[in-house]
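Welcome! Here is a short tour of the structure shown below, starting with its charged contacts and moving on to rings and surface.

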Amino acid sequence: MAISSSSSSTKLVESLEQYDDAISWINNTLSAPESTNDLSGTSSTDLTELDQYITQLLTSLDIACEDTSAQLERIIDDVSRSVPRLTYDLHFMKDGALTLQTSLVDVLKKSKEAVPPETSVALDNLHHLDTIKTRMEAAREVLQEAESWSTLEMEVTSLIGERSYAKAAERLSEANKSMVVFQNTPEYDPRRALMVNLQNQLEASLSSALVSAINSQDVAVCKEYFSIFSIIQRESEFRNYYNASRRTSIVAMWQSASLSDSDNSSPDMNSPPQSFADFLPKFYTSFIILLNAERGSISSIFPDPSVTLSHFISSTFSALQPTFSQRLSSFISHHGETALSHLVDVLRATEEFATGVWKIMEKMNYSDSRPPRQPAAPERPSGHRRRSSRMSISWRPGQQRPSSIAVPGGGLGDLNLDNLEWDQELFQPFLDAQVDYASLERRFLDQELLDIISSDTREASQQTVDQPRLFRERAVDLVGAAEGSMARCKAFTHGYGVVGLIQALDGFFSSFIDTWTVELESKPSAAQSYKFDSTESELELADLDYSAKDWSDIQLSLHLLASARTVSDRLNVFEAKLRPYLSQIASHFRLAQADPQNFTIAATKGETQLLEQSTLNSAELFTLLSTVEQDAQGLNTPLPLSALHSGSFRTNPTQQQQQQPATPESLLVQTRKSLSTFAQICQVSTQRTILSPLRNHLASYPSLSIWSAREDRQKALAADLQIPTFSLSPTDTVQRIAEGLLNLPRLFEVYADDDALAFSLQTLPYVDPEMLKNAVEQQQQLMDPPVSATQPGHHRRSSTVAFSKPAPVPIDPEVVSSAWLISLGHTFLHHLTTNVLPSIPSLSVPGVAQLGSDLEYLSNIVRALNVENGALEAWRVAVNSEPADLRKDAQEAASDGKSDLIPLRVAKMRGLL
C-alpha cells in the first residue's frame with residue numbers, strides 16, 4: 001500500500017509541474033475521472049463520486065507534501081555532511097597536481113638523456129632539408145609567375161585580337177591574383193601599370209560592341225559583357241556605359257524643353273513654350289515609362305537590380321543640363337512673390353514620381369528570387385548630393401500622409417536603407433526653399449492681399465470711404481487668404497514648417513493691423529455723417545456741449561472699435577481652425593515616431609530624412625507641437641484677443657480649475673498686441689473727442705484774473721478779528737466742468753447696448769486690471785446659469801463667437817460704463833494736473849483760496865465717478881497748506897530730488913520761494 005501511495009504521489013507531483021498555475025491543473029485533474037466514466041459508458045459523474053475523488057486528491061497531495069519534505073531534509077543532511085570535505089578534497093587535488101608536474105619533468109629529462117647524439121644530429125638534418133624544400137617550392141612558384149608575366153602582354157593581346165574577350169579577362173584575373181607576390185618589391189609598379197594598360201585595351205575593344213548591344217537591348221550579350229567586366233573588376237565602368245546609353249532620350253527631352261519660366265539649354269524652336277510646372281509631369285511620365293522598360297533588362301543583366309536602378313536614376317539627374325537645381329532657382333525667381341503655390345505643384349509632381357519609382361523597385365525585389373549579393377562599391381556619379389551637416393536636436397516625428405506609402409518592401413533588406421541616394425538627390429533642390437518656407441509664405445500672403453486691394457476700386461471711385469466697414473471687409477479678405485496657408489505648409493513642408501507658418505501668419509496679420517493703426521494716427525478723422533438711431537436719444541443729449549463733428553468723430557471711433565472686435569472674433573475663429581491642424585500634425589509625428597518603419601512623414605523615406613536633418617526640425621518645432629498637444633487636452637478654443645475673454649479676468653486659481661480649464665495662450669502673439677494697440681488708439685480718440693468740451697473750458701483757466709487778485713482789507717481785518725466767513729464758491733469754469741463730468745454717465749447710457757465699448761477694456765488708460773477682474777468675477781458669481789444667448793428684445797452685437805466650449809459670459813454694461821468713466825476721469829485729471837495747473841503764473845492769497853475751493857469741489861465730483869487721483873489730491877493739499885509747511889515740503893522736495901515737485905511748484909506760485 002505504501003509503495004502504491006508513493007508512486008501515486010510522485011505522479012501527482014510530476015503532473016503538477018507540467019502546469020503554470022494551479023487552477024488549470026485542478027480543472028484538468030477533475031476532468032480525468034469524467035473522461036474515464038464516459039469511456040465506461042457512464043453519462044456523467046455523480047457528485048458523491050466527485051467528492052470521493054477530491055478527497056483522494058487531497059490525501060495524495062498531503063502524502064506528496066510529506067514525501068517532498070522528507071526528501072528535502074535528506075538533501076539538506078547530505079549537503080551538510082559533504083561541505084566540510086570540500087576543503088580536504090581541494091588540498092588533495094593540489095598535492096596530486098604538484099606531484100604530477102615533478103614526475104613529468106623527470107620523465108622529460110630521462111627521455112633526452114636516452115637519445116644518442118647521432119640520432120639528434122640526424123633529426124636536425126631532416127629539419128634543415130624540409131626547410132630547403134619548402135623554400136625551393138616557393139621559389140619555383142615565383143619563377144612560374146615571372147614566366148607567366150613575361151608572356152602576359154603577348155597572350156592577352158592575341159586573345160583580344162581573336163575577340164576571345166572572356167579568355168583574355170580570365171588571363172588578366174589570374175595575373176591579378178599574383179600581384180600580391182610582388183607587393184613591396186621594385187617590380188610591383190611596372191607590373192601594376194602593365195595590368196591597368198591591358199585592362200584598358202580590353203575595355204576599349206569591348207566598348208563599341210557593348211554600346212551596340214545596349215542600344216539594341218541584347219540582354220544575353222550585355223550579360224556576357226557584364227561578366228567580363230566583373231572579372232577584370234570594372235563593374236562601375238560597365239554601369240557607366242549602360243547608364244549613359246539608356247538615359248539619352250530622357251536627357252535630350254530635358255535639354256530640348258522650351259520653357260517660359262525657367263532656364264533653357266537648347267530649346268526646340270518648333271515646340272511652343274510651356275511652364276516648368278506643366279513640363280515636369282510630362283518629363284516624369286517619360287522617365288517612369290523608361291524605368292518600367294528597363295526593369296526587365298536590369299533584372300536579367302545585373303545581380304543587384306534595385307541598386308543598379310538607383311544608380312541609373314542618380315546618374316540621369318546628374319547628367320541633366322541645366323541642372324534641376326538651376327531650373328528650379330530660375331523658376332522661383334521668375335514667379336517672385338507667388339512662387340510658393342507653383343512650388344507646391346512642382347513638389348507634388350516630384351513626389352508622385354518618387355512614389356512610382358519605389359513601386360517599381362518593390363516589384364523588382366519581389367520578382368527577384370536570387371539571394372542578395374554584396375556588390376563591389378561602384379563609383380559615384382560626378383554630381384554629389386550636398387548633405388546637411390546639422391543633426392536634429394528635437395524628436396523624430398512623422399506622419400502618414402494620404403499620398404505617402406508604407407516603407408516599400410519592408411523585409412527586403414537594402415531596398416529601404418541602401419538605395420536612398422537617388423531619393424535624396426531628387427528632393428535636395430527643394431530643401432533650401434523648404435527651409436525658407438516662412439519667407440515664401442509671407443511674400444505669397446502679402447501679394448495675395450495686394451491683389452485683393454488692387455482689384456477693389458471703391459477707394460478710387462468714392463471720395464468718402466466707410467473706414468470701419470472697409471476694415472472689416474479687409475479682415476475677411478485677410479483671413480480668407482490665410483486659410484490656404486495651412487494646406488500649403490502641409491503640402492510643401494509636410495508639417496515641419498509650422499513654426500514658419502505661425503511666424504508668417506502672425507507677421508501678416510500684425511502688419512495689416514499696424515498699417516491701419518498708423519493710418520488712424522496720421523490722418524484726422526474723416527467727416528462722416530454717423531447719426532443716432534433714434535430722435536429720442538438725440539433730444540436727450542442735445543444739452544451736451546458737443547458739435548455735429550464731435551458726434552461724428554465719436555461714432556467713427558466707436559465703429560472702428562466695433563470693427564476691431566469683429567476682426568478679433570474672426571481671428572479667433574481662424575485660430576480655432578489652426579489649433580486642430582497643429583494637433584493633427586503632432587499626432588501624425590507621434591505615429592511615425594512610434595512606427596518609423598511603416599510610416600513616413602513625406603512621400604518617401606529620402607525626403608523624410610532630408611527634412612529631419614534640416615533646420616526645420618528644431619527645438620522650436622518640438623516646443624510648439626508639445627504645447628499644442630498639452631493645450632488640446634484642456635480647452636480646444638484659442639485665446640480670444642478681446643481682453644474681456646482673456647485668462648487675466650480670473651482671480652481665484654482654485655475656482656478657475658474647478659469651473660473650466662485654463663485658456664491656452666494665443667499662437668498669434670504679435671497680432672494680439674497689434675490689435676490691442678489699434679483698439680487703444682480708437683479708445684484714446686474716443687476719449688479725446690468726449691473730453692474736448694471740458695478741455696476747451698480749461699483753455700482760459702490758467703489766465704483767470706482771480707489768481708493774481710489783491711486781498712481786500714476788510715476781509716483781512718475780518719480774518720484778524722476771526723469773524724466767521726462762508727466758503728468760496730467754485731469758479732464758473734469749474735462748475736461747467738463739473739456739469740460735463742456728471743453728464744458723462746448719460747452719454748454712456750446711449751451706448752450701453754453697443755458691445756464695442758466692452759472690447760479690449762484692458763487697454764483703456766488708467767484702468768486697474770484688478771478692478772476688472774473683481775468686477776467680472778462678481779458678475780459670474782451672481783449669474784446662476786451662464787448666459788448663453790442674448791435676452792429677447794435686446795438687440796446687441798455679440799462680442800463672442802461660439803466654439804466647442806461654452807461662450808464666455810458678456811460683461812455687464814454697468815462694468816463697462818464704470819471702466820470708461822474711470823478712464824475718462826483719470827485722463828481729464830492728468831491733463832488738468834500736468835498741463836493746466838502748472839500753467840498758472842502766480843497765486844495771490846485770494847487766488848490760493850479760490851484754487852483750493854475749485855480743487856476741493858472738483859475732487860468731490862470725480863469721487864462720484866469712482867475716480868481717486870493722487871496728483872489732484874497732491875495739488876489740493878499743497879494749495880491748502882500753511883505757508884510754513886508748504887515752504888518746508890518744497891525745500892525737502894528740491895533737496896532730495898524727488899519726482900513729486902507739486903509742493904515746489906505751488907510754493908513758487910504763492911511766492912514762498
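Asp 345 and Arg 348 form a salt bridge, their closest N and O atoms being 3.3 Å apart; the term means a side-chain nitrogen of Lys or Arg within 4 Å of a carboxyl oxygen of Asp or Glu. This is a predicted model, in which local features need pLDDT of at least 70 and side-chain atom pairs count only at pLDDT 80 or more, while totals for chains, interfaces and linings use all residues. Residues are numbered from 1 along each chain as its sequence is written, and side-chain values use heavy atoms, leaving out hydrogens and water.

**Salt bridges**

- Asp 345 and Arg 348 are three residues apart in helix H14 (residues 339–367), so about one helical turn separates them; helices here are DSSP runs (H or I, at least four residues), numbered from the N terminus.
- Asp 345 is partly exposed at a relative accessible area of 40%, and Arg 348 is partly exposed at 38% (buried means under 20%, exposed over 50%, partly exposed in between, with a 1.4 Å probe and protein chains only).
- In helix H22 (residues 548–594), Asp 553 and Lys 549 lie four residues apart, and their side chains meet in a salt bridge of 3.0 Å, N to O.
- Asp 553 is buried, with a relative accessible area of 8%.
- The whole structure holds 19 salt bridges.

**Aromatic rings**

- There are 30 aromatic pairs in the structure (rings of Phe, Tyr and Trp, the last by its six-membered ring, with centres within 6.5 Å; planes under 30 degrees apart are stacked, over 60 edge-to-face, the rest tilted).
- Phe 226 and Phe 302 make an edge-to-face pair, because their centres are 5.1 Å apart and their planes are at 70°.
- Phe 226 lies in helix H8 (residues 219–231) and Phe 302 in the loop between helices H11 (276–301) and H12 (305–318), so the pair ties together parts 76 residues apart in sequence.
- Both Phe 226 and Phe 302 are buried.
- Trp 254 and Phe 279 form a tilted pair, 6.1 Å centre to centre with 55° between the planes.
- Trp 254 is buried, at 0% relative accessibility.

- Helix H31 (residues 813–836) has 24 residues and reaches 33 Å from first C-alpha to last, close to the 34 Å expected at 1.5 Å a residue (the expected span is 1.5 Å times one less than the number of residues).
- Of the 24 residues of H31, 18 are buried, so the helix is largely enclosed by the rest of the structure.

Notes: Helix = DSSP H or I, 4+ residues; strand = E, 2+ residues; numbered from the N terminus.
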